[in-house]
Amino acid sequence: MKYTTGERLKIVAGSLFRGNMSELARRLEMKPQALTKYVKGESMPGGLILIRLYKLGVNINWFLTGEGPRFLNHGEASVSEPFEEYVDNIELDRLNDQERKMLDQLLFFSGSLKKLDISTELQRALLLVFTSHMNLNSPEEE
């Protein structure tokens, strides 16, 4: 399966780093050889890479679907603030046990989906169903 996000990585590198793919790899905290696999469409970036792209200002919806603006306006107060706080909590290892367990389950499920020969849109839909299922089955907070 060939992923279309490779072309979007080239656009990101062109917009942010004058096309310098090595600089994009550095900012994504990965080796240029690993980035090349994404650019060629041989594999799909996972959650950590998506988080790092988001921190560079990339609109993840555009990156995954090609729809919407390419870059975020970080000056807006929107859903991005709680998202940024959650990402910070992940990176600083400040998740409680329940959150960590749910994130681990989500990452495992996401990794399993990547092994299937299904469209990105179907993967996303299945992730939404899975997370809804997780929320329904999680214990209520006291």
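Colleague: Quick one on R26: buried or exposed?

Modeller: R26 is exposed, at a relative accessible area of 52%. Bear in mind that this is a predicted model.

Colleague: Noted. Which residue does R26 form a salt bridge with?

Modeller: With E23. The closest N and O atoms of the two are 2.7 Å apart.

Colleague: Where do E23 and R26 lie?

Modeller: Both are in helix α2, three residues apart. That is about one turn of the helix. An α-helix has 3.6 residues a turn, so residues three or four places apart point the same way.

Colleague: And E23 itself, buried or exposed?

Modeller: E23 counts as buried, since its relative accessibility is 19% and the cut-off for buried is under 20%.

Colleague: What about E23 and R27, how do their side chains meet?

Modeller: In a salt bridge, with 3.0 Å from N to O. R27 also sits in α2 with E23, four residues apart, again about one turn of the helix. R27 is partly exposed, at 39% relative accessibility.

Colleague: How many salt bridges does the model have by the rule?

Modeller: Five. Among them is one between the side chains of E29 and R52, at 3.6 Å from N to O.

Colleague: Which parts does the pair of E29 and R52 tie together?

Modeller: E29 is in the loop between α2 and α3, and R52 is in helix α4, so the pair links parts 23 residues apart in sequence. E29 is exposed, with a relative accessible area of 59%. R52 is buried, at 18%.

Colleague: What about phi of R18?

Modeller: R18 is near 50°, also positive and also not glycine.

Colleague: Is R18 buried or exposed?

Modeller: Exposed, at 83% relative accessibility.

Colleague: Let's do α1 then. How far apart are its end C-alpha atoms?

Modeller: They are 17 Å apart. At 1.5 Å a residue, the 13 residues should span 18 Å, so the two values agree.

Colleague: Which residues of α1 are buried?

Modeller: T5, G6, R8, L9, V12, A13 and F17. They cover an arc of only 155° around the axis, so they are on the same side of α1.

Colleague: What covers them?

Modeller: The cover over the buried residues of α1 includes α2, α3, α4 (47-55) and α5 (60-65).

Colleague: New topic: N59. Where does N59 lie?

Modeller: In the loop between α4 and α5. N59 counts as buried, at 11% relative accessibility.

Colleague: Which backbone nitrogen does the side chain of N59 reach?

Modeller: That of N61, at 2.9 Å. A polar atom of the N59 side chain also lies 2.8 Å from the backbone oxygen of P69.

Colleague: Which residues does N59 touch, not counting those up to four places away in sequence?

Modeller: G68, P69, R70, F71 and L72.

Colleague: Last topic, aromatics. How many aromatic pairs are there by the rule?

Modeller: One aromatic pair. It is F109 with F130: the ring centres are 4.1 Å apart and the planes are at 5°, so the pair is stacked.

Colleague: Which helices do F109 and F130 lie in?

Modeller: F109 is in α7 (residues 97-114) and F130 is in α8 (residues 120-137), so the pair ties together parts 21 residues apart in sequence.

Colleague: How accessible are the two, starting with F109?

Modeller: F109 is partly exposed, with a relative accessible area of 24%. F130 is buried, at 18%.

Conventions
Residues are numbered from 1 along each chain as its sequence is written. This is a predicted model: local features need pLDDT of at least 70, side-chain atom pairs count only at pLDDT 80 or more; totals for chains, interfaces and linings use all residues. Side-chain values use heavy atoms; hydrogens and water are left out. Rings of Phe, Tyr and Trp (its six-membered ring) pair if their centres lie within 6.5 Å; planes under 30 degrees apart count as stacked, over 60 as edge-to-face and the rest as tilted. Helices (H or I, at least four residues) and strands (E, at least two) are DSSP runs, numbered from the N terminus. Buried means under 20% relative accessible area, exposed over 50%, partly exposed in between (1.4 Å probe, protein chains only). The expected span of a helix is 1.5 Å times one less than its number of residues. The arc is that of the directions from the helix axis to the C-beta atoms. Contact means heavy atoms within 4.5 Å. A polar contact is a pair of N or O atoms within 3.5 Å; within protein, one must be able to donate a hydrogen and the other to accept it, and residues adjacent in sequence count only if both atoms are side-chain atoms. A salt bridge is a side-chain nitrogen of Lys or Arg within 4 Å of a carboxyl oxygen of Asp or Glu.
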